[in-house]
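The following exercises concern a protein model and are worked step by step. Please study the sequence and the structure before reading the solutions.

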Amino acid sequence: MCIRRAKEIVYPKVAALSHRLSRKKLSGLLAIVALAGLGWLALDWTGAVPVEQPLGLSQQFVQTEKPQVCVHTLLENEVEATKIMRSLEMTRELGAATIVQFFPWAYVEWQEGKYDWARTDSIVRLARLQGLRIIARLGLVPDWARPPGTTLTNLPDAAFADFAEYAAAFAARYATDIQRIIIWNEPNLSAEWGFQPVEAARYVRLLAVSYARIKQANPAAVVLAGALAPTLEKPGSGVGLNELDYLSALYQLGAQEHFDALAVHTYGFRAAPESPPHPDHLNFRRVELLRLVMINNGDSHKPITITETGWNDHARWLHAVRPSQRAAYTIRAFQYAEANWDWLQAMCIWALRHPADLRGYPDGYTLLNAEFLPKPVYFELQAYARGWAASDSLWLRPPGEN
Amino acid sequence: MRQRILIVFAQAALAVALFVATVLHGNIPDRERAFPTGAIRIGVDASYPPFAVDDDGALRGLDIDLAAAIAREIGLPAQFRNIGFYSLYDALISGEVDALVSSLPIDAARTDVVRYTSAYFNNGLVLVSAADSSGLDVENLAGKRIAVEYASSADSLLRRWSADSTELQRMPYELPEYALDALRLGHVDAALIDNLTYRLYQRQHSQWTSAVQFITHDPYAIAVRRGNHDAWQLVEAALEQLRAGGELARLIALWA
């Protein structure tokens, strides 16, 4: 009954339309429809997922007085394009000129030999529209390139060349947008090295093959090594190796020729930003010890980018500080770096926001909660970067002090 | 009478049949298959009191005691491995550990590779009010002053409530304990806070009486690899034993 009714409505309209159109025009119309259908089928066959693109975007520019302010975004697992856009907008509004963003190999070449750039293109385009520079971090191994039952951080030697091909393809595709590329993440931790013993020699080989291919693809690219984790682990530990020994080992193994700059992770934990560095302590100025290793190996001309840093203000984590301390320490850290570290290119706060709250202490590292609610440190950093007066207090005084 | 005997006989036969079928199909959990190293290797991030902390090399906390009790129930030693939060799931998936007992919120996005036990702690948000404020609940907060920790998940929820009820007064504090101080000292009508913070605060202020109502649920559970059915069955059964026997409640009361 319904179908018949539908036919009664539709058929006369189609007949009327075909009357109005000449045969030539009708053929053209049919060809367009057929081509659209084929396009849709091709898209479906290649597995490419069209990413939702928000409308009404226009080119924006970062207004900042502190171009070294940078944040690490976590957009690779964000599902909604509108949230990617909001994250980047709030980065620009913060006054951060640069982001570090992870572009997992496993997400792009999940089928061997086929690159699916849809999501990556979307992130790069949206960042460009906000006037943001990107430092790209590459890592995570697709299923096909690693043994079954291993984690995404397990990169066998046999897959080094495949990873380098991805890095080269990435460098070529985004040559106009992305110049700085970090090879891997925290290779001095077993968990980031496929739960295998950390091995500087293997990382040097990965770095060498990646560096060569990236430079062939985009000679202007800047390859960053390291992104080493701050840790006190001694040689022989199953967890990893402290980054000072690891970096020294990289130099001894000839890594010097295979990177242009060093990426460093340094966290404050509970120490003030001015606390002096010591090999047995984890604190913000520990990066100075890595700098010494570079100088001792004749690499003082290479710059450093701190691609992860910050303090945590979770209410119960052992290594956290209070929200007001976190805000104050963060600003003082930027001020200290500006006054003392002429070799530093940018300092990136870990992290802007998780797509969903993790409901644990890692949430205490973000500048925004999952619902884009800014933490106190966001407002303080914004005032610092943009040269604004510090904001009014965000909270009431402790009840006992009233 | 004969009918009753027949029913009892039928029930017994069904039980025997189910048992035999279970045995034949291998559904009785096999301890050696579940934990082939002869120990239960537990992954835990020992930086999160009162669940787990590293006290000069000795791990202590609710998660540690709970994991040890589960291992005792199963009849194997527990071996703890202190792992950073971000690597916990990778350690489980790669077989470095057999189970994660680390105050893990149940994460639906992980369930393709891990299987969670039933929850052993609910760290959802609670609405706390003075004990004599009878009838104060989420339905009648208009005009009330509600304390929260600034920029917490409770703050996000309260801002949504505020959008619905303009009369609701949001009272943000830097620390969650300050929000409860404000309630205890009579500066606000209620506090919206996570259950653990409330419990720890109540322990420190045992003379203070309050009324509490769960608003959201945030269950913590133990995770095992999805394919390791034997491990899941054994851990879940042990947890159930501890729950039924009152040991789980005792451990929670001891630590939280």
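A residue counts as buried if 20 or more other C-beta atoms lie within 10 Å of its own, as exposed if 12 or fewer do, and as partly exposed in between. The model examined here is predicted.

**Exercise 1.** Describe chain B as a whole, from its secondary structure to its domains.

*Solution.* Begin with the secondary structure: chain B comprises nine helices and 14 strands. Next, apply the burial criterion: 42% of the 256 residues of chain B count as buried. Then consider the contacts in chain B with a separation of 6 or more; residues 24 or more positions apart account for 73% of them. Finally, turn to the domains. Domain 1 of chain B covers 9-121 + 219-255, and domain 2 covers 125-214. Between the C-alpha centres of these two domains lie 34 Å.

**Exercise 2.** Determine the strand order of the open sheet of five strands in chain B, and state which helices lie across it or pack on it.

*Solution.* The order is β11-β10-β12-β9-β13 (chain B), and the pairing is mixed. At the edges stand β11 (169-173) and β13 (210-214) of chain B, each of which pairs on one side only. On average, neighbouring strands of this sheet are turned by 30° against each other, direction ignored.

Now take one pair within the sheet. Strands β9 (residues 125-130) and β12 (residues 190-194) of chain B run antiparallel and are joined by five bridges. Across this pair, S129(B) stands opposite A190(B) in β12(B).

The helices complete the picture. Helix α7 (residues 195-204) of chain B packs on the sheet and touches β9, β12 and β13 of chain B; its direction makes about 110° with that of β12(B). Helix α6 (residues 176-184) of chain B lies across β9, β10 (145-149), β11 and β12 of chain B, running at about 150° to β12(B).

**Exercise 3.** How many residues does each chain bring to the contact between chain A and chain B?

*Solution.* Chain A provides 30 residues and chain B provides 34 residues. The side of chain A that touches chain B divides into 15 nonpolar, nine polar and six charged residues.

**Exercise 4.** Why does L394(A) count as partly exposed, and which residues does L394(A) contact?

*Solution.* First locate the residue: L394(A) lies in the segment after α11 (376-386) of chain A. L394(A) counts as partly exposed because it has 17 C-beta neighbours inside 10 Å. Leaving aside neighbours within four places in sequence, L394(A) is in contact with P376(A) and F379(A), and with Y150(B) and P172(B) of chain B.

Definitions and conventions
Residues are numbered from 1 along each chain as its sequence is written. Chains are lettered from A and ligands numbered from 1 in the order in which they are written. This is a predicted model: local features need pLDDT of at least 70, side-chain atom pairs count only at pLDDT 80 or more; totals for chains, interfaces and linings use all residues. Two residues are in contact if their C-beta atoms, placed from the backbone, lie within 7 Å. Ala, Val, Leu, Ile, Met, Phe, Trp, Tyr, Cys and Pro count as nonpolar, Asp, Glu, Lys and Arg as charged, and the others, Gly among them, as polar. Domain bounds come from an automatic or database domain assignment. Two strands pair if DSSP finds at least two bridges between them. Helices (H or I, at least four residues) and strands (E, at least two) are DSSP runs, numbered from the N terminus. Axes are lines fitted to C-alpha atoms, for helices over the stretch in contact, and angles run from 0 to 180 degrees between N-to-C directions.
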